[in-house]
Amino acid sequence: MTHLSNDELLAAAEGGDHTSHLRTCDSCRTRVDELRRVLQLASEVTVPEPSPLFWAHFSDRVHQAVAAEPAPQSSWRFNFAWTASVVGALAIIVIGVAVTLRTAQPVAPVAPVATADVAAAGESLPSLSDDPTWALMGELASQIDWEDAGEAGLIARPGSAELALLQMSADERRQVVELLQLELQKTKSL
Amino acid sequence: MATDVTEVLAQNIRPEWSVRVVQPGATAEVDLATLASLDEPALVALCLSGRREAFDVIVEKHRRAVYQLCYRFVGNHEDASDLAQDAFIRAFRGLERFRGQSALGTWLYRIAVNVCLNRVSAKQPQTEPLDVRPHIDQRAIHPDSELLRGERAEQVRAAIAQLPKKQRATVILRVYHELSHEEIAGVLGSSVGAVKANFFHALGNLKKLL
């Protein structure tokens with residue numbers, strides 16, 4: 001005869017149905033009875049009930065302790081802040097790299113066949129959709145709600161550019177002017 | 001085109017709804033009775049939005065169960081009270097991690113069990129002598145049988161206190177808080193099979209000790 005497993009003995013002691021086996025197996029019946037006796041003994045032990053005053057005092061203590069704690073923040077806010085930081089950092093890196101690459105390239109002299117050259121160069125440039133960096137940016141940005149992005153300060157507000165310029169040092173402003181002039185020259189040369 | 005708010009409300013409001021209009025930026029006053037009627041996810045959401053009084057309601061709902069759980073671990077009122085308070089403070093700190101996948105009570109049990117296990121790791125439980133326990137009216141109980149029951153209870157408490165930590169936690173959650181094996185697995189961070197095995201061995205150990 002196959003005896004009940006430990007799980008089955010436990011289930012039987014807790015009221016599970018193995019009565020047909022227990023009716024015929026003395027060994028298993030004895031073990032289940034022992035488990036039931038221990039469970040019965042344990043269940044009879046009660047916790048002394050504190051006075052009603054204790055509960056009010058306890059709640060006051062917890063209330064005061066919680067009042068001294070910083071406010072908890074919901075996890076989506078935390079996750080969003082993290083995501084927004086990553087997206088912001090990536091955006092800065094991508095823009096910085098793009099600006100650096102463009103300024104590092106020598107400006108080609110204007111040639112009589114400039115239109116044809118530009119068209120040919122345009123065909124050889126890699127498409128943005130093939131750029132993994134842009135793909136990652138797009139993926140991350142697609143997970144952000146427009147309102148959330150606004151709350152996190154990722155969306156430029158009116159006057160943001162002017163404010164940014166005002167906060168720049170003299171050197172930074174000179175560099176921005178040089179970059180803008182370079183871009184204007186390139187546009188004129190096309 | 002301007003739309004009259006009251007007109008829109010009148011067209012859409014259900015009879016059982018109670019509508020309150022709150023100025024943007026104003027602090028909405030929600031009384032304790034209203035808070036007490038909210039379900040647990042709503043209370044947690046309110047807490048996370050900065051309404052700490054919602055946590056008072058959570059404490060009131062669960063303080064007895066959490067205290068009793070702690071008492072089962074440490075066997076005395078003072079330590080149980082401190083541990084229960086600690087468990088609630090930790091719950092408040094970690095409220096943003098409550099995902100709502102289990103009942104709030106089960107989540108609080110998990111915190112309380114961890115607090116208790118940390119404590120009992122550092123300190124052997126000191127059960128109270130019988131004479132300092134809260135007064136229980138024994139006029140209707142036969143003194144001899146009550147004394148015997150008290151002694152027996154003390155033996156069982158001492159036996160449970162000698163169990164390995166996971167076995168003790170399993171016995172407490174299963175026998176006294178009537179959690180299912182699955183819920184206990186969630187609280188203890190183990191598998192259902194491990195919980196059943198722990199429980200089975202715990203009962204075997206108790207049998208030897210009693």
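Begin by selecting Ala42(B) in this predicted model: with 12 other C-beta atoms within 10 Å, Ala42(B) is exposed, because a residue with 12 or fewer such neighbours counts as exposed. Ala42(B) belongs to helix α3 of chain B, residues 40–48.

Remaining in chain B, move to Glu178(B), which is located in the loop between α8 (165–176) and α9 (181–188). Most residues other than glycine have a negative phi. Is Glu178(B) buried or exposed? Glu178(B) counts as exposed, since it has 9 C-beta neighbours inside 10 Å.

Now display both chains and select the contacts between them. On the chain A side 33 residues take part, and these are in contact with 38 residues of chain B. Four helices of chain A, namely α1 (6–13), α3 (26–43), α4 (52–67) and α5 (75–104), each supply at least two residues of the side that touches chain B. Which helix gives the most to that side of chain A? The answer is α4(A), with nine residues. Colouring this side of chain A by class shows 19 nonpolar, eight polar and six charged residues.

Select Cys28(A), Arg31(A), Val32(A), Leu35(A), Val38(A) and Ala42(A), which are the buried residues of α3(A). Turn the view to look down the axis of α3(A): the buried residues fall within an arc of 120°, so they line one face of the helix. Then select Asp26(A), Thr30(A) and Gln40(A), which are exposed on the other side of α3(A).

Finally, colour chain A by pLDDT. The mean for chain A is 75, and 60% of its residues reach 70 or more. Confidence in chain A is highest in α4(A), at 95, and lowest in helix α6 (residues 114–124), at a mean of 48. Over residues 112–116 of chain A the pLDDT is below 50, and this stretch has zero contacts in the model beyond near neighbours in sequence. Residues 118–123 of chain A also stay under 50, with one contact beyond four places in sequence. Where pLDDT is low, the predicted coordinates should not be read in detail.

Definitions and conventions
Residues numbered from 1 in each chain as written. Chains lettered and ligands numbered in written order. Predicted model: local features only at pLDDT ≥ 70, side-chain atom pairs only at ≥ 80, totals over all residues. Contact = placed C-beta atoms within 7 Å. Nonpolar A, V, L, I, M, F, W, Y, C, P; charged D, E, K, R; others polar. Buried ≥ 20, exposed ≤ 12 C-beta atoms within 10 Å, placed from the backbone. Arc of directions from axis to C-beta. pLDDT = per-residue confidence, 0-100.
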